[in-house]
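Let's take a friendly walk through this model, from its ring contacts to its charged side chains. Have a look at the sequence and the structure first.

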Amino acid sequence: MRKEDKSAIIEQIKEELGKYQHFYLTNIEGLDAQKTSDLRRACFKKEIKLFVVKNTLLHKALEQTGADTQLFDCLKGNTALMLCNTGNAPAKLIKEFTEKDKKNKDAKPILKAAYVEETVYVGRDQLDFLTSIKSKNELIADLVALLQSPAKNVVSALQSGSNTLHGVLKTLGERA
């Protein structure tokens, strides 16, 4: 490959990394055509971009973006890059795929490393933790539910007293 082609690919990888907040480094080597197709289809449905990269080109792109050096040690063997804006989506997808083949302890895809919420996670043992991380939308929903809870209590207190002042005061006095 010519040097110009390599630098163009490195720029393309950097551009893709810049578009997404989170990325996962995985190993999908050895998947047959059907499983690879299923994985790509599932990634598309969950808005995850998946592509296989050369380790040296990804290494140079990560260096230029100032990525954590822990990621460089994971760039061995076959590497597929999963990019997304929801931090736990690729982890859930990987877990879903590996659980289909429970009897094979080396079921693919295998998590090598992940960059989620500005933190680097290395190793397949981090998969369970990554699936439990809440996405931004899930955290916002939890926060809204917490904020609505006191308001719901006041509304229910007002309605429980049959809208009479005595019933409202009695109910509020019991809750306080």
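Tyr121 is buried, at 13% relative accessibility; here buried means under 20% relative accessible area, exposed means over 50%, and partly exposed is in between, with a 1.4 Å probe and protein chains only. This is a predicted model, so local features need pLDDT of at least 70 and side-chain atom pairs count only at pLDDT 80 or more, while totals for chains, interfaces and linings use all residues. Residues are numbered from 1 along each chain as its sequence is written, and side-chain values use heavy atoms, with hydrogens and water left out.

**Aromatic pairs**

How many aromatic pairs does a search of the whole structure find? The search gives 2, where rings of Phe, Tyr and Trp (its six-membered ring) pair if their centres lie within 6.5 Å; planes under 30 degrees apart count as stacked, over 60 as edge-to-face and the rest as tilted. Phe23 and Tyr115 make a stacked pair, with 5.4 Å centre to centre and 25° between the planes. That pair links distant parts of the chain, since Phe23 sits in strand 1 (residues 22-27) and Tyr115 in strand 4 (residues 110-116), 92 residues apart. Phe23 counts as buried at 7% relative accessibility, whereas Tyr115 is partly exposed at 26%.

Tyr121 pairs with Phe129 in a tilted arrangement, with 5.6 Å centre to centre and 45° between the planes. Phe129 is partly exposed, its relative accessible area being 43%.

**The chain as a whole**

The protein chain holds 7 helices and 5 strands. Helices (H or I, at least four residues) and strands (E, at least two) are DSSP runs, numbered from the N terminus. Read from the N terminus, the order of elements is α-β-α-β-α-β-α-β-β-α-α-α. Of the 176 residues in the protein chain, 37% count as buried.

**Salt bridges**

Side chains of opposite charge can pair when their charged atoms come close. A salt bridge is a side-chain nitrogen of Lys or Arg within 4 Å of a carboxyl oxygen of Asp or Glu, and by this rule the count comes to 9. Here are some of them:

| Salt bridge | N to O distance |
|---|---|
| Glu4 and Arg2 | 3.3 Å |
| Glu11 and Lys14 | 3.2 Å |
| Lys19 and Glu15 | 3.9 Å |

Glu4 and Arg2 are both exposed. Glu11 and Lys14 both lie in helix 1 (residues 3-19), 3 residues apart, about one turn of the helix. Glu11 is partly exposed at 43% relative accessible area, and Lys14 is partly exposed at 23%.

Lys19 and Glu15 are 4 residues apart in helix 1, so about one helical turn separates them. Lys19 is partly exposed, with a relative accessible area of 48%. A network of salt bridges links Glu15, Glu16, Lys19 and Lys49.

**A positive patch**

Which residues form a positive surface patch? They are Lys3, Lys6, Lys54 and Lys60. Patches are made of residues with over 30% relative accessible area and no salt bridge, with like charges joined within 9 Å and nonpolar side chains (Val, Leu, Ile, Met, Phe, Trp, Tyr) within 5 Å. Lys and Arg count as positive. Lys60 belongs to helix 3 (residues 55-65) and is partly exposed, at 42% relative accessibility.

Key:
Areas by Shrake-Rupley, 256 points an atom, 1.4 Å probe, with all protein chains shown as cover. Charge placed at Lys NZ, Arg CZ, Asp CG, Glu CD.
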